[in-house]
Amino acid sequence: MASRFYEFSWDLIGNIEKGRPHLGPDTRLEVYRLFQFTLRDVLEQHLNSKTEVDRIFFEAGINAGRHFAEKFVGKQETLYTFLSILQKKLQEFKIGILRVEQVSQHNANLIISVEEDLDCSGLPDVGEETCHYDEGFIKGALDYQTGDSYSVKEVDCWCLGGRTCRFEAQKEA
């Protein structure tokens with residue numbers, strides 16, 4: 001199999017201090033959403049399938065969640081400690097405000113909300129959830145920490161009229 005040109009590596013982030021000595025690492029939310037929704041638009045046109053675009057964003061989220069957790073949180077002794085550090089890092093990076101609303105015995109089922117998330121907080125009600133990337137991100141982070149496989153599904157979303165994004169995560173058999 002040929003090597004991939006864009007296989008993820010933190011080297012792709014580059015040296016931000018050297019490359020952006022005056023502007024630094026921050027940008028505005030509009031720029032992030034401009035990138036996300038123009039990319040979605042082009043992918044949907046080329047693939048002719050919203051479902052396939054959602055799947056691609058979900059898979060990208062898994063990759064990002066795993067790499068983010070590995071670099072900025074690390075494996076922790078307990079899921080509770082991991083989620084506490086993840087919560088702090090997501091807020092520090094201004095990704096969103098993570099809250100763990102419920103954890104079942106043996107960490108098999110979780111309900112996690114993310115307020116002020118990058119993807120959709122403040123968007124209009126479009127009648128369907130849009131945070132497929134976030135679903136993947138949460139899955140990637142949980143899978144990394146636990147070594148198990150979780151299924152993650154958004155159950156509340158700004159784009160469904162909610163005022164927070166809420167996710168159910170269930171350990172797969």
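1. Seven aromatic pairs turn up in this predicted model. Rings of Phe, Tyr and Trp (its six-membered ring) pair if their centres lie within 6.5 Å; planes under 30 degrees apart count as stacked, over 60 as edge-to-face and the rest as tilted. One of the pairs is Phe-5 with Tyr-6, edge-to-face at 4.7 Å centre to centre and 90 degrees between the planes. Phe-5 is exposed at 69% relative accessible area, and Tyr-6 is exposed too, at 64%. For accessibility, buried means under 20% relative accessible area, exposed over 50%, and partly exposed in between (1.4 Å probe, protein chains only).

2. Next, Phe-68 and Phe-93: the ring centres sit 5.4 Å apart with the planes at 75 degrees, so this pair is edge-to-face. Phe-68 belongs to helix α3 and Phe-93 to the loop between α4 (79–92) and β1, so the pair links parts of the chain 25 residues apart. Phe-68 is buried, with a relative accessible area of 6%, while Phe-93 is partly exposed at 38%. Ring pairs also link Phe-8, Trp-10, Phe-68, Phe-72, Phe-93 and Phe-137 into a cluster.

3. A word on ground rules. Residues are numbered from 1 along each chain as its sequence is written, and side-chain values use heavy atoms, leaving out hydrogens and water. As the model is predicted, local features need pLDDT of at least 70 and side-chain atom pairs count only at pLDDT 80 or more, whereas totals for chains, interfaces and linings use all residues.

4. How do α3 and α5 meet? The axes of helix α3 (residues 50–73) and helix α5 (residues 132–146) come within 6 Å and cross at roughly 35 degrees. (Axes are lines fitted to C-alpha atoms, for helices over the stretch in contact, and angles run from 0 to 180 degrees between N-to-C directions. Helices (H or I, at least four residues) and strands (E, at least two) are DSSP runs, numbered from the N terminus.)

5. On to charges: the count is 14 salt bridges, taking a side-chain nitrogen of Lys or Arg within 4 Å of a carboxyl oxygen of Asp or Glu. Glu-30 and Arg-28 make one at 2.7 Å, N to O; Glu-30 is partly exposed at 47% and Arg-28 exposed at 56%. Asp-143 and Lys-139 make another at 2.8 Å, and both of these residues are buried. Asp-143 and Lys-139 are four residues apart in helix α5, which means about one helical turn separates them.

6. Asp-148 and Lys-171 also form a salt bridge, at 3.4 Å, N to O. Asp-148 is in the loop between α5 and β3 (150–156) and Lys-171 in strand β4, so the pair ties together parts 23 residues apart in sequence. Asp-148 is partly exposed at 32%, as is Lys-171 at 33%. Separately, salt bridges with shared partners join Arg-40, Lys-50, Asp-54 and Glu-128 into one network.

7. Finally, the strands, which pair if DSSP finds at least two bridges between them. Strand β2 (residues 109–115) runs antiparallel to β1 (residues 97–103), joined by six bridges, and pairs with β4 (residues 165–171) in the antiparallel sense, again over six bridges. Ile-97 stands opposite Glu-115, and Ser-113 opposite Arg-166. Five of the seven residues of β2 are buried. In the hairpin of β1 and β2, with five residues between the strands, His-106 has a positive phi near 70 degrees.
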